[in-house]
Amino acid sequence: MIARSVGAVFWFESRRALTASRIVWWVVLTLFPALIVGMIRIATSNIRNPPGPEPWSVFLFALVPMLVSMLGTFLWATPVVSAELEGKSWVYLAVRPHGTTVVLLGKYLATLAWVLSSAIASLMLAAALVPLDDVGHIVGTILRLTLLSCPAYAALYLLLGTLFPKRSMVVAVAYTLIFELVVSMIPALINTFTVQFRLRTLFYLWSDLPLGSDPNAMLAFVGEPPAWEHVVVLVTFTMVLLLAALGIVREREFSASEEGNG
Amino acid sequence: MIQLTSVTKLYGTVIGVNDMTLDLSAGAYGLLGPNGSGKTTLLSLLTGQLVPTIGRIRVLGESPRNNAELFRRLGYCPGSEGLYANVSAIEWVQYLCQLQGLNSSDARRAAEAALATVGMTAAMHRPIATYSRGMRQRVKLAQAIAHDPELLILDEPFNGLDPIGRREMGELLKNWIANGKNLLLASHLLYEVETITDRFLLINGGRLLASGTAAEVQALLVDAPNEITLRTTELHRLASLLVEREITDSLRIADHAVVLSTRHPGQLYEQLPQWLSESQIAVTEMHSADESLQALFNSLLKIHRGEVL
């Protein structure tokens with residue numbers, strides 16, 4: 001019964017999102033990587049040593065599993081609870097059997113459907129503009145990373161949205177800037193707790209990129225093999241974040257006092 | 001149907017519900033209280049959205065917090081609007097029925113039936129954003145009754161309805177009760193509730209001041225002073241007459257009217273026409289300030305504090 005209710009939320013939310021503004025966002029996110037890749041290609045078309053597979057891999061990694069996945073899930077997953085609370089529609093969902101749980105899971109799946117479709121389409125469009133003969137290997141690597149990054153970031157932003165429903169977007173931006181962009185680059189134990197660090201490590205391991213002239217310095221910023229260990233950590237990370245969000249939304253009292261005047 | 005045992009709800013240092021104990025058997029009840037009296041907090045506790053700081057709550061024999069079994073038997077229409085603007089009424093009510101556990105086709109049928117019950121069939125395919133406030137109120141009621149709950153809890157359901165809509169809503173709720181279903185109806189307007197049910201819970205400041213039928217509540221007020229205003233051109237003769245009959249506790253002349261306070265309003269209402277007739281005094285207007293709900297609560301509050309012996 002819970003699965004059926006989750007499916008109902010997924011379809012309802014996916015249909016409800018078919019608004020002009022959401023579709024424009026989807027199109028912008030989808031076209032942005034191709035636009036950047038196209039501009040880089042034009043800018044480098046006349047230089048003597050055009051970028052090889054490694055720079056193009058880095059560009060696609062930065063644009064798709066990082067930018068599109070992160071921005072897409074941020075916009076979709078962060079306001080999941082706050083939008084319902086601000087719209088005062090939360091109470092209608094909360095008084096249904098397992099209501100809060102199925103709403104959160106259904107919205108999580110809707111987030112994945114919208115953002116993954118955008119990220120995969122953007123990867124295909126951008127890859128089509130990469131001037132390399134064998135772009136398939138790069139696309140395969142980036143696709144695997146996208147399939148890991150979207151669920152992880154969606155779970156992360158969903159948790160932040162349930163923890164801080166009143167300032168969810170501000171908190172999510174601050175978290176992203178501080179932890180995912182700054183702390184993830186600190187060569188210490190703390191960076192291993194970020195999604196960014198795991199994705200970066202997997203990118204290096206799966207892309208067979210050279211570690212440069214100083215491998216030890218590079219290994220401070222990326223983890224060590226094996227790759228499967230990082231995949232397991234990332235999947236576990238996703239599950240834990242999702243379960244934490246479900247636990248919070250089930251146990252927390254979202255104030256209803258402002259909903260009535262009595 | 002509903003049991004509360006010493007229930008208190010605190011928001012930090014602010015008291016939402018204050019040491020409330022009650023045991024309601026199956027039936028229909030009006031929850032009456034002025035704005036800010038704690039009605040919505042009490043309903044939030046009964047629907048499991050809030051957890052009591054102290055005490056125990058049972059609704060249909062079950063704890064309401066995260067209770068899927070209870071939510072299948074409960075219909076709730078909150079006071080706030082909270083409807084999605086860009087979906088139609090049929091989509092929204094069907095969606096909420098699906099969350100009740102119905103499959104898509106059963107949910108569709110239940111939603112259509114509920115919207116027909118509240119008179120929204122003709123407009124149910126239009127986006128909710130195009131509805132009037134009264135129409136949105138009907139849609140809110142439809143989502144609460146669509147899954148045929150045992151207990152219907154409504155928070156200010158008459159808000160935004162025009163006189164015809166209020167009458168139709170009243171008829172609908174009376175039919176609901178006539179079909180043997182349970183109802184708890186919160187309102188700050190006495191006349192709205194008394195057309196539906198004669199059993200009341202009166203709360204103010206988060207406290208339950210009184211409960212029972214209108215007659216039982218009236219019995220509580222029998223010794224409470226009742227303020228009555230009489231307008232006449234012969235103010236001093238009327239004042240003199242009332243003092244002679246020893247019916248008033250206090251009396252004053254103000255704003256071209258005699259304002260009296262009495263513990264025996266029934267006796268006054270019964271005998272006043274005869275006294276006026278005998279004395280040839282014409283009274284052009286008579287009203288009791290204590291007919292307002294706030295005045296009723298003020299009287300109950302005085303009894304609650306022991307100010308009326």
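The legends below describe close-up views of a predicted model.

Local features are given where pLDDT is at least 70 and side-chain atom pairs where pLDDT is 80 or more, while totals for chains, interfaces and linings use all residues. Residues are numbered from 1 along each chain as its sequence is written, chains are lettered from A and ligands numbered from 1 in the order in which they are written, and side-chain values use heavy atoms, without hydrogens and water.

**View 1. Helix H6 of chain A spans residues 99-128.** Helices (H or I, at least four residues) and strands (E, at least two) are DSSP runs numbered from the N terminus. The 30 residues of H6(A) reach 43 Å from the first C-alpha to the last, close to the 44 Å expected at 1.5 Å a residue; the expected span is 1.5 Å times one less than the number of residues. H6(A) is mostly covered, with 21 of its 30 residues buried. Buried denotes under 20% relative accessible area, exposed over 50%, and partly exposed the range in between (1.4 Å probe, protein chains only).

**View 2. Helix H1 of chain B covers residues 39-46.** In this helix, 8 of its 8 residues are buried, among them Lys39(B), Thr40(B) and Leu46(B). Gly48(B), which follows H1(B), has a positive phi near 80°.

**View 3. Helices H3 and H4 of chain B cross at roughly 125°.** H3(B) comprises residues 89-99 and H4(B) residues 104-117, and their axes come within 8 Å. Axes are lines fitted to C-alpha atoms, for helices over the stretch in contact, and angles run from 0 to 180 degrees between N-to-C directions. The angle makes H3(B) oblique to H4(B); angles under 35 degrees count as roughly parallel, over 145 as roughly antiparallel, 65 to 115 as roughly perpendicular and the rest as oblique. The crossing is right-handed, a term for the near helix being turned clockwise from the far one by less than a right angle, with anticlockwise giving left-handed. Residues in contact (heavy atoms within 4.5 Å) include Ile90(B), Val93(B) and Cys97(B) of H3(B), and Ala107(B), Ala111(B) and Leu115(B) of H4(B).

**View 4. Helix H5 of chain B spans residues 133-145.** The 13 residues of H5(B) reach 19 Å from the first C-alpha to the last, close to the expected 18 Å. Of these 13 residues, 12 are buried, including Met135(B), Leu141(B) and Ile145(B). The cover over the buried residues includes helix H5 (90-94) of chain A, as well as strand S5 (74-77), H3, H4, strand S6 (151-155) and helix H6 (163-178) of chain B.

**View 5. Helices H3 and H5 of chain B pack at about 25°.** Their axes are 9 Å apart, and the two helices are therefore roughly parallel to each other. The contact joins Ala89(B), Trp92(B), Val93(B) and Leu96(B) of H3(B) to Val139(B), Lys140(B), Ala142(B) and Gln143(B) of H5(B). H3(B) passes H5(B) in a right-handed crossing.

**View 6. Cysteines Cys150(A) and Cys97(B) are buried.** Over all chains the count is 0 disulfides, a disulfide being a pair of cysteine sulfur atoms within 2.5 Å. Cys97(B) is in no disulfide, and the nearest cysteine sulfur, in Cys77(B), lies 14 Å away. The relative accessibility of Cys97(B) is 1%, and the relative accessible area of Cys150(A) is 0%.

**View 7. Leu177(A) lies in helix H8 (residues 168-182) of chain A.** Its relative accessibility of 47% counts as partly exposed. Between the C-alpha atoms of Leu177(A) and Pro187(A), 10 residues apart along the chain, the separation is 17 Å.
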